[in-house]
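This report describes one structure in plain terms. Please look through the sequence and the 3D view before reading on.

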Amino acid sequence: MQYQAESSWGYQMTGSMRRGGGRGVAGMGGDSSDPLERVVRLASESAVVVFSVSSCCMCHAVKSLFCGMGVSPVVHELDQDPSGKEMEQALALLLGSYGVAPAVPVVFIGGKLIGAMDRVMASHINGTLVPLLKEAGALWL
Amino acid sequence: MASHRIGEIGLSETGPSTHHVPYSVYHGINNPTTFINQEGSAFDFGELEEAIVLQGVNIRNDEAKAPLYAGRPAATLDMFPSWPIKFQHTPRGSSKSRGESTDSGSGVNTNTLSSSIAEARREADSPVSVKGSSSLDHQKLQKPMEMAASDTSPLPSPSQSASKAPQDKRKGGSTSEKQLDAKTLRRLAQNREAARKSRLRKKAYVQQLESSRIKLTQLEQDLQRARSQGFLLGACGGANISSGATIFDMEYARWLEDDHRHMLELRTGLQAHLPDGDLRVIVDGYLSHYDEIFRLKGMAAKSDVFHLITGVWATPAERCFLWMGGFRPSELIKILITQLDPLTEQQFMGICSLQHSSQQAEEALSQGLEQLQQSLVDTIAGGPSIEGMQQMAIALGKLTNLEGFVRQADNLRQHTLHHLRRILTVRQAARCFLVIGEYYGRLRALSSLWMSRPRESMMNDDNSRQTTTDLQIVQATQNHFSNF
């Protein structure tokens, strides 16, 4: 959805600003090297996407949580990605935790941002996580 | 303590035994209130010695035979013919004590005997010893009388006649009485003085005991207050305890007091069957009380995560079962699920899924922590290829993750409690929070009971008193608990 608009925005760069006028990120030619865009794109590709850092133990906890529930998330290790650093910063800005807390882990379910570990835990306790997973097709029980 | 114990034994003892002598000793000195009431009582330490011997038998007379014995003094005093008129009619101590004694039988008993002994002491040595022995005989004659209840009737007459016999004998020697008068008068006066002095000494001693007892309780209170304010922690912790930890300990102590108050409110609210609206206020108040501790822990985790995660702030029993610096939410649900019986199907499903999800979350966090430990081990147990300071720097970076884990664990606890509140009705939630609060209260009491268990026999009375208090707390909460 957003992905589509973004690419058309890229093509319409010199034309009228009708589409995607509200985007704060200045188009760098609409290429996918924009970290946030990349994040969003990756997040939409699978039902459950986790952005992680391989050495982070909280990320390990999130992965354990999903595996324990029988969900196999797609994990992007940002320390193994060339634009990982920028993506991490983008995620931190997205969460509003820039400079306050580590940006990872961040979980997307069905393309929608769930949040960091605390939000994932909270939604699991509240019983909202499982329906979300089922809706996204990650869980079939 | 000892006196109470012996007092109880003395009261319950009805059969004959040779142990009455020591009982009487304690029984005699111990009713400090009795003695203080009987200001001018004739019983004091000086006279105790003879009372010990002679009073042994009279304990038996205490309860049932008091009225019977009330008539006795006259008979007893008949045996001291030197003071025939004065002391037969005015056994000063005894009459006074009958009015004042709170402990009817023994008081009368004590003082009649003591007055008779007082008189005995005021006589010359030989008459005293003779009379002592004759009074002993008299007591011995009385003894079989009390023991065989059926034989009561025939015996008194022979004993009375026996006592009257020596009495008559003594009354015959009137001239010898007058010769002894001067000496005995002086002796009388001396004995009076001595008795008065020992009475005063005893009074002073008792007052000193009372005042030091008061001082002791005040000191204990001060100590308690100071400890709760972290004074001692600061003193003995020294460099090891950061201010963040000390502050947390102080605030936790305050939180515990608040918790107690909330529990009281919950309990009375449930017992009084308050309307749901009022109960809701109390329940939500308790929930925000828990929010408060999580907030405090969050702040403390920033400054001293090890203090939280190792549970220094908790009692030993709590500390033993601590999980990531606090309780395990799934454990809590397990406790509750048995106590919250009238649940609807939907509620039951909700609680079961809450337990399931909290278990999964706990497992995930535990695995994350394990991974942290593993990576720490890899860093600092690394081979010599990594330079020491670099190792430490990396390890320090890894340790900062601990705060995150404690925070996530507290987060889990907080959400569990809130979700519980949502699933349950107001009344059920009130019961549920009461169960939780009482469980932790008892766990804390268990810790202090354990600390002061009898194994440590060198411990002073403070611990046993505390044990009693803790037992009372446990019993009190049990009583309330059983109402639901």
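A residue is called buried if its relative accessible area is under 20%, exposed if the value is over 50%, and partly exposed in between. By that rule, both B:Arg267 and B:Glu438 are buried. The model described here is a predicted one.

**Salt bridges in chain B**

Over all chains, the count comes to 17 salt bridges. One of them joins the side chains of B:Arg267 and B:Glu438, with 3.0 Å from N to O. This pair links distant parts of the chain: B:Arg267 lies in helix α14 (residues 243-271) of chain B and B:Glu438 in helix α22 (residues 426-451) of chain B, 171 residues apart.

B:Asp410 and B:Lys297 also meet through their side chains in a salt bridge, at 3.3 Å from N to O. Here too the pair links distant parts of the chain, since B:Asp410 belongs to helix α21 (residues 401-423) of chain B and B:Lys297 to helix α15 (residues 276-303) of chain B, 113 residues apart. B:Asp410 is buried, and B:Lys297 is buried as well.

A further salt bridge is formed by B:Lys334 and B:Glu331, whose closest N and O atoms are 3.3 Å apart. Why are B:Lys334 and B:Glu331 separated by about one helical turn? The reason is that they are three residues apart in helix α18 (residues 329-339) of chain B. B:Lys334 counts as partly exposed because its relative accessibility is 41%, a value that falls between the cut-offs of 20% and 50%. B:Glu331 is partly exposed too, with a relative accessible area of 37%. Elsewhere, salt bridges that share partners join B:Asp259, B:Glu318 and B:Arg444 into one network.

The three pairs described above are listed here.

| Salt bridge | N to O distance |
|---|---|
| B:Arg267 and B:Glu438 | 3.0 Å |
| B:Asp410 and B:Lys297 | 3.3 Å |
| B:Lys334 and B:Glu331 | 3.3 Å |

**Two residues of helix α19**

B:Ser366 is found in helix α19 (residues 345-380) of chain B. B:Ser366 counts as buried because its relative accessible area is 18%, and the cut-off for buried is under 20%. Leaving out residues up to four places away in sequence, B:Ser366 touches B:Trp323 and B:Met324. B:Met324 is 42 residues from B:Ser366 along the chain, and their C-alpha atoms are separated by 8.4 Å.

B:Gln347 has its place in helix α19 of chain B as well. At 8% relative accessibility, B:Gln347 is buried. Apart from neighbours within four places in sequence, B:Gln347 is in contact with B:Pro342, B:Ile423, B:Leu424, B:Thr425 and B:Gln428.

**Strand β1 of chain A**

Strand β1 (residues 48-52) of chain A is mostly covered, and five of its five residues are buried. Which residues lie on each face of β1(A)? A:Val48, A:Val50 and A:Ser52 are on one side, A:Val49 and A:Phe51 are on the other, and all are buried.

β1(A) pairs with two strands. Four bridges join β1(A) to strand β3 (residues 106-109) of chain A, and these two run antiparallel. In this pairing, A:Val50 stands opposite A:Val107 in β3(A). Four bridges also join β1(A) to strand β2 (residues 74-77) of chain A, and these run parallel. There, A:Val50 stands opposite A:Val75 in β2(A). Together with helix α3 (residues 57-69) of chain A, β1(A) and β2(A) make a right-handed β-α-β unit.

Helix α3 of chain A holds A:Cys57. A:Cys57 is buried, with a relative accessible area of 2%. The C-alpha atoms of A:Cys57 and A:Pro105 are 9.4 Å apart in space, while the two residues are 48 residues apart in sequence. Across to the other chain, A:Cys57 touches B:Gly368, B:Gln371, B:Leu372, B:Asn401 and B:Phe405.

How many residues of each chain are in contact? The numbers are 15 residues of chain A and 21 residues of chain B. The area buried between the two chains is about 1600 Å², and carbon and sulfur atoms give 67% of that area. In chain A, A:Cys57, A:Met121 and A:Ile125 lose the most area to chain B, together 39% of what that side buries.

Between chain A and chain B the count of salt bridges is zero, whereas five residue pairs are in polar contact across the interface. On the side of chain A that touches chain B, α3 and α5 (117-126) of chain A each supply at least two residues. α3(A) gives the most to that side, with eight residues.

How values were computed: Residues numbered from 1 in each chain as written. Chains lettered and ligands numbered in written order. Predicted model: local features only at pLDDT ≥ 70, side-chain atom pairs only at ≥ 80, totals over all residues. Heavy atoms only, no water. Buried < 20%, exposed > 50% of the residue type's maximum accessible area, 1.4 Å probe, protein only. Pairing = 2+ DSSP bridges. Right-handed = clockwise from strand over helix to strand, strands pointing away. Contact = heavy atoms within 4.5 Å. Buried area = accessible area lost by both parts, 1.4 Å probe. Salt bridge = Lys/Arg side-chain N within 4 Å of Asp/Glu carboxyl O. Polar contact = N/O pair within 3.5 Å; in protein donor to acceptor, adjacent residues only side chain to side chain.
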